[in-house]
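Welcome! Here is a short tour for anyone meeting this structure for the first time. Take a look at the picture, and then we can walk through it together.

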Amino acid sequence: MGDRARVRAVPASARGDGCDRGSAARRARPGDRADLGGEQSAALLAELRRALLGRFGTSDEQRLDMSLRRARLVVPVRFHVVHSGSRGRVPASVVRRQVSTLNAAYGGRRGGADTGVRFRLASADWTNASDWFNDPQEYEGAMKKRLRRGGRGTLNVFTAAVGTDVLGFSTFPQWYRKHPRLDGVVIDYRALPKNADGPFDRGYTAVHEIGHWLGLLHTFQGGCVPPGDGVADTPYEAEPAEGCPTYRDTCAQRGRDPVHNFMDYGHDTCMREFTAGQGRRIRAAWAAYRSGRRGHRHADPAARRADRGVDLGTRAPGEVRSVGGSR
Ligand SMILES: [Zn+2]
């Protein structure tokens with residue numbers, strides 16, 4: 001590993017904003033622990049059950065899947081590149097490659113299950129703002145207030161210099177009702193596919209963070225203690241994977257540690273799969289929190305229009321948009 005691992009980002013917990021958004025951060029540093037406490041993860045799972053029961057009369061995700069008979073779920077993506085001059089100003093080709101990577105991963109084309117989720121790039125914009133770029137955790141509110149678009153069914157992805165320890169952070173769908181303006185995913189620009197050298201260069205940081213945005217917990221959530229991540233077909237594991245410990249088995253329950261799962265902390269070269277149960281969880285969480293009133297379409301008319309075509313070409317990466325107040 002290069003020197004990426006030696007630089008520390010400001011830990012989310014130091015922000016003191018009383019909100020646990022940093023809890024979904026993907027950390028690159030070996031030995032880091034799951035950020036969500038047992039009570040927090042239990043609360044998220046209980047909240048999802050309540051929402052499903054209230055809306056559909058059942059929280060059985062298998063039954064729900066059958067009754068919804070969902071066609072493929074297509075998520076419009078609003079991609080926001082925040083940069084500082086030439087630093088972090090990733091080209092449109094990399095943005096497109098990231099979206100392709102999402103589709104491959106969520107479609108089961110890297111291994112594992114097809115979650116039924118696909119992504120369509122609705123727009124991309126470039127913003128020259130060094131403050132935001134250099135400390136997206138500190139400026140998260142301002143950055144998202146200015147840039148994010150769409151409603152609960154629109155995925156807003158921001159890239160900036162998140163750090164080389166924490167590679168990204170995300171919100172959970174359960175948080176949307178209270179914090180709609182903070183909804184979205186922020187990832188380090190060096191974790192975009194083929195945008196840097198090192199163990200996190202395949203674009204799976206975005207896959208992982210978007211997993212949280214879609215409602216998934218870490219596979220190591222809760223360690224060996226039930227309910228873990230609350231998904232039946234991801235074996236328990238005591239701690240996050242570091243690198244790629246292929247044959248590791250840290251819990252007494254059945255199954256080796258799911259170190260190849262996108263919701264673990266392994267290197268990108270190690271990650272390759274979601275499980276069928278995670279796919280069901282995603283679809284259930286979508287139905288509960290991100291779909292329109294009557295079904296599975298997103299609630300954002302602008303994004304729906306944008307679904308038909310990508311307005312990526314209207315602003316080239318070179319034409320940077322400056323933001324007042326930032327240098
Ligand atoms: Zn995570």
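What covers the buried residues of α1? The cover includes α2 (61-68) and α7. Keep in mind that this is a predicted model.

Let's stay with α1 for a moment. At 1.5 Å a residue, its 19 residues (38-56) should span 27 Å, and because the end C-alpha atoms are 27 Å apart, the expectation and the model agree. Buried along this helix are Ser41, Leu44, Leu45, Leu48 and Leu52. These residues cover an arc of only 90° around the axis, so they sit on the same side of α1. Glu39 and Gly54, on the other side of α1, are exposed. Just after the helix comes Gly57, with a positive phi of about 75°.

Now for the chain as a whole. It has eight helices and seven strands, and its overall numbers are gathered here:

| Feature | Value |
|---|---|
| Buried share of the 327 residues | 48% of residues |
| Share of contacts with a separation of 6 or more that join residues 24 or more positions apart | 72% of contacts |

The largest nonpolar core holds 66 residues, and Val77 and Ala160 have the most contacts inside it. Helix α7 (residues 276-290) gives the most to this core, contributing seven residues. Leaving aside residues up to four places away in sequence, Val77 touches Val99, Phe119, Arg120, Leu121, Ala122, Leu155 and Val157. In soluble globular proteins, nonpolar side chains tend to be buried together.

Methods:
Residues are numbered from 1 along each chain as its sequence is written. This is a predicted model: local features need pLDDT of at least 70, side-chain atom pairs count only at pLDDT 80 or more; totals for chains, interfaces and linings use all residues. A nonpolar core is a set of buried Ala, Val, Leu, Ile, Met, Phe, Trp, Tyr and Cys residues joined through C-beta atoms within 7 Å. A residue is buried if 20 or more other C-beta atoms lie within 10 Å of its own, exposed if 12 or fewer, and partly exposed in between; C-beta atoms are placed from the backbone. Helices (H or I, at least four residues) and strands (E, at least two) are DSSP runs, numbered from the N terminus. Two residues are in contact if their C-beta atoms, placed from the backbone, lie within 7 Å. The expected span of a helix is 1.5 Å times one less than its number of residues. The arc is that of the directions from the helix axis to the C-beta atoms.
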